[in-house]
Amino acid sequence: MADIIQLLPDHVANQIAAGEVVQRPASVVKELLENAIDAKADSIKLIIKNAGKSLIQVIDNGIGMSQTDARLSFERHATSKIQSANDLFNLQTKGFRGEALASIAAIAQVELKTKQENQDLGVLIKIEGSELITQEIVSTTKGTSIAVKNLFYNIPARRNFLKSDTVETRHIIDEFQRVALAHPDIAFSLIHNDNEIYHLKNENLRQRIVGIFGKKIDDKLVPISETTDLVSIKGFVTNPKYAKKKRGEQFFFANNRFIKSNYLNHAVLNAYDGLLAPKYFPSYFIYMEVDPSTIDINIHPTKTEVKFENESAIYSFIRATVKHSLGQYNIAPALDFNRDENLDIPYNYANSTKKETPSITVNPNFNPFKTEGTSSKSTFTPTKQTQNWEALYTEIEPKTIEDIPVIIESNFEQTSLFTETEIQKANKTYQLQGKYIISSLKNSMLVVKQNLAHQRIIYEELLEKFAKTKNLSQILLIPIEIEFAKHDVAILFENKSELEEIGFQFQEFTSKGIIIKAIPTLIKQTEVLSILEEIIDNSKLEIPKESPSQLNYFCKVIAKNTAIKTGQLLNNKEQERIIDKLFSCKEPNYAPNGKEIFIHLPLEEIEKKFH
Ligand code: ADP
Ligand code: MG
């Protein structure tokens, strides 16, 4: 049989290799920014057009390249950063694989202009799909400019896989933030479609964090700093008081390289143990310096996952450092390194043995069947202890029915899971754990999740109102000013027309936040922030607006943010009202997010369980 193995031509090999390095425009951004840092630039400019799909350009004022090096830099495994495998264990640079430029040039149209400081003239090279188009001498400034145009122009399948501009821009901003946070001593700017999104001067770490995430974050930052022989740690964590419901800004850097580590993330969360409500997350910016020989960066082509030699020691050290700082700044009074463990026991509990067991006084004459106003009632005098217990409950007094947004009768036809008489009879309710409303029908039992039920009620009410009403805005007496980070303002700006459709009116979008002059009639001023934050978070998390229309999507967001919460105690009237309203909804079975609102247990099934 004839021989069938052949060597792949270089440009094909490069395209295949490119698949590992370049998944999307943001990967190119990362590689180019890192090259500029390795070239010792102290000012780096990133220019993006159409989410990086048309153009990604990085201009630096670094050391530049000679003419020969400029041509060679596009060869595979061409690097100035290591010479032998041993060098891998003493890395001082971001790059070392010598693959990025070769990969990028295989799948895009690239223009490189570069000049070294001591040269009069520089060089311009154009390469498309690994093929050299031109190489000429040009006059240019010191440093390097690389423009990557029409990424994946020669691999349509990959180009089609790219997500929407919003999503791809988000990824680019993420990469930019990671690199900019790792190097506060370098000035960075980011220009997207001719708008300058960031303009970061060379500054200290705290200023850099504030420069990226907005002034709002400044008060929340708690500094951390500890050193051992193994690792030195510095940076900031956030005060647990400001924890977020979404995984927020969480950054680890090892030797100024952004890294991902679930394991070390766990160490930080562990340090917050007992300080955060469930499902709340702190933000953190943690910078580790370790001996380069104790860390392996080479385990993943994008180099965000790394292997530490002493991972478990670093884990303990991070946890202790974060705990210590939270304690030192009086955020967690009971947390410290060398403290007596007994102090962790709540004060009352620690002393409880000295106390007598509270006595319960029972009134033997109390007759629950006697009506009020009879003498038996006046004979029942609660003891001091029971009064105190009552006080405990009054503190968590439920919101009154007035606090629940007015629910307009809906004219929708019912979906008839239950008959009208059945529902009318469903007025005996009971609340379980501040979470579920239990109600009985004629021959069955319903367990209704209160939060989801209320979301459905509000959602339908909003849709109906929007369909009927023309004037959806309430003009505010005093416009509200809300601070947001620049990129969050950009997200809101992208959604401006839809937000206006539902009744928002904006006075201004600035680099520091927004000014709102009118809000939808159906929401309260106090709910504005959480609604806008959710819209921003959804967009960051790439949660698709799966609803058929923008209006539906915003109604869902509003319903989610204004519905009574799980854990909120409701009195009987409120419970009944929710059940009634739910079953006058068009679709009482599912919440706007698609989750089932209740469980229906027919009598037979309950009976079966007793066999
Ligand atoms: P690596 O960074 O892993 O060495 P790259 O393909 O990213 O591989 O770059 C190849 C080489 O090109 C680098 O080693 C460096 O010498 C040179 N180079 C790339 N970008 C720049 C730049 N912005 N300034 C100066 N030299 C650069
Ligand atoms: Mg590189």
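Modeller: What follows covers the ligand site and then the nonpolar cores. The model is predicted, and the values below are computed from it.

Ligand 1 is surrounded by 18 residues, of which Asn 35, Thr 79, Ser 80, Lys 81 and Gly 98 are the closest. Sorted by class, this shell holds eight polar, six nonpolar and four charged residues. Ala 100 takes part through its backbone, where an N or O atom lies 3.3 Å from an oxygen atom of ligand 1. The ligand exposes 530 Å² when taken alone, and the protein buries 93% of that area.

As for packing, nonpolar side chains tend to be buried together in soluble globular proteins. Here the largest nonpolar core has 61 residues, and Leu 46, Val 148 and Phe 285 touch the most other members. Domain 1 (10–200) and domain 2 (212–328) each supply at least three residues to this core. A separate second core contains 32 residues, among them Tyr 459, Ile 514, Ile 519 and Ile 536. Returning to Val 148, its contacts beyond four places in sequence include Val 28, Leu 32, Ile 56, Ile 104 and Val 110, as well as Ser 54 and Gln 109.

Technical notes: Residues numbered from 1 in each chain as written. Chains lettered and ligands numbered in written order. Predicted model: local features only at pLDDT ≥ 70, side-chain atom pairs only at ≥ 80, totals over all residues. Heavy atoms only, no water. Core = buried A, V, L, I, M, F, W, Y, C linked by side-chain atoms within 4.5 Å. Buried < 20%, exposed > 50% of the residue type's maximum accessible area, 1.4 Å probe, protein only. Domains from an automatic or database assignment. Contact = heavy atoms within 4.5 Å. Near = heavy atom within 4 Å. Polar contact = N/O pair within 3.5 Å; in protein donor to acceptor, adjacent residues only side chain to side chain. Areas by Shrake-Rupley, 256 points an atom, 1.4 Å probe, with all protein chains shown as cover. Nonpolar A, V, L, I, M, F, W, Y, C, P; charged D, E, K, R; others polar.
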